[in-house]
Amino acid sequence: MAVIKKNICHCGLTGKDYRSCCGLYHTGARVTDRSPLEVLMSRYSAFCESNGEYLLKTWHPDFRPDTTAKKFSREIKNGGKWVKLKVYGVLVNPERTEAMIRYELSYRDASGVVRSTCVSNFVFEDGRWFYTDEAENTDMNALPPELDSADTVRAELDLIAG
Ligand SMILES: [Zn+2]
């Protein structure tokens, strides 16, 4: 029996296809004004699409690497393949000006699939969320409970959908 497989967006978070999910951010039809999760998912998809320009645009200017969009895109294209994003939890301060997200990336290179767990920092500035950097010295055994809470992920996804 033929199975019609819907093309789910790279990020896999909304169940929508790329064009109605992260593609909206990449074309500029939507901006990351609702949730830091928008930045994480659309940046993950930008890695899948080798879109260096979008990655630089959503990277806070104080933390952005000194490279050009073209060079950055080429670097990504020559790297391994991003295969999965799994989000464990989102911690946002009450003012919604700063956030941390804990997630797992799966990446395939010549040696096979490599998984790495990351905690990234985000800030809200000039009406939108930006990625800044990786959290330093994160003690994975003493994480705030929000960083291991599927409820926090669902709450942010609701903000994006609404
Ligand atoms: Zn997406």
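User: Hi! Which residue stands opposite Ala99 in β3?

Analyst: Phe122 in β3 stands opposite Ala99. Strands here are DSSP runs of E, at least two residues long, and helices are runs of H or I, at least four residues long, all numbered from the N terminus. Before we go on, please note that this is a predicted model: local features need pLDDT of at least 70, side-chain atom pairs count only at pLDDT 80 or more, and totals for chains, interfaces and linings use all residues. Residues are numbered from 1 along each chain as its sequence is written.

User: Thanks. How many bridges join β2 to β3?

Analyst: Twelve bridges join β2 to β3, and the two run antiparallel. Strands count as paired if DSSP finds at least two bridges between them.

User: And how do β1 and β2 pair?

Analyst: β1 and β2 are antiparallel too, over ten bridges. Lys86 is opposite Glu104 of β2. The two strands make a hairpin with five residues between them, and Arg96 in the turn has a positive phi of about 55 degrees.

User: What is the order of the strands in the open sheet?

Analyst: The order is β1-β2-β3-β4, four strands with antiparallel pairing. β1 and β4 are the edge strands, each pairing on one side only. From one strand to the next, the twist averages 30 degrees.

User: Which strands does α2 lie across?

Analyst: α2 lies across β1, β2, β3 and β4, and runs at about 170 degrees to β1. For such angles, axes are lines fitted to C-alpha atoms, for helices over the stretch in contact, and the angle runs from 0 to 180 degrees between N-to-C directions.

User: Which members of the largest nonpolar core touch the most others?

Analyst: Cys11, Leu40, Met41, Val87, Ile101 and Phe122 do, out of 25 residues in that core. At least two residues each come from α1 (22-27), α2 (36-48), β1 (81-92), β2 (98-109), β3 (112-125) and β4 (128-134). The largest share, five residues, is from α2. A nonpolar core means buried Ala, Val, Leu, Ile, Met, Phe, Trp, Tyr and Cys residues joined through C-beta atoms within 7 Å.

User: What is Cys11 in contact with?

Analyst: Leaving aside neighbours within four places in sequence, Cys11 is in contact with Cys21, Cys22, Met41, Tyr44, Ser45 and Leu85. Contact means C-beta atoms, placed from the backbone, within 7 Å.

User: New topic: is Gly89 buried or exposed?

Analyst: Gly89 is buried, because 21 other C-beta atoms lie within 10 Å. The cut-offs are 20 or more such atoms within 10 Å for buried, 12 or fewer for exposed, and partly exposed in between. Gly89 sits in strand β1. Beyond four places in sequence, its contacts include Arg102, Glu146 and Val153.

User: How many of the 162 residues count as buried?

Analyst: 29% of the 162 residues do. The chain has five helices and four strands, in the pattern α-α-α-α-β-β-β-β-α.

User: Last one: what pLDDT does the chain average?

Analyst: The average is 93, and 96% of the residues score at least 70. pLDDT is the predictor's confidence in each residue, from 0 to 100. Where pLDDT is low, the predicted coordinates should not be read in detail.

How values were computed: Contact = placed C-beta atoms within 7 Å.
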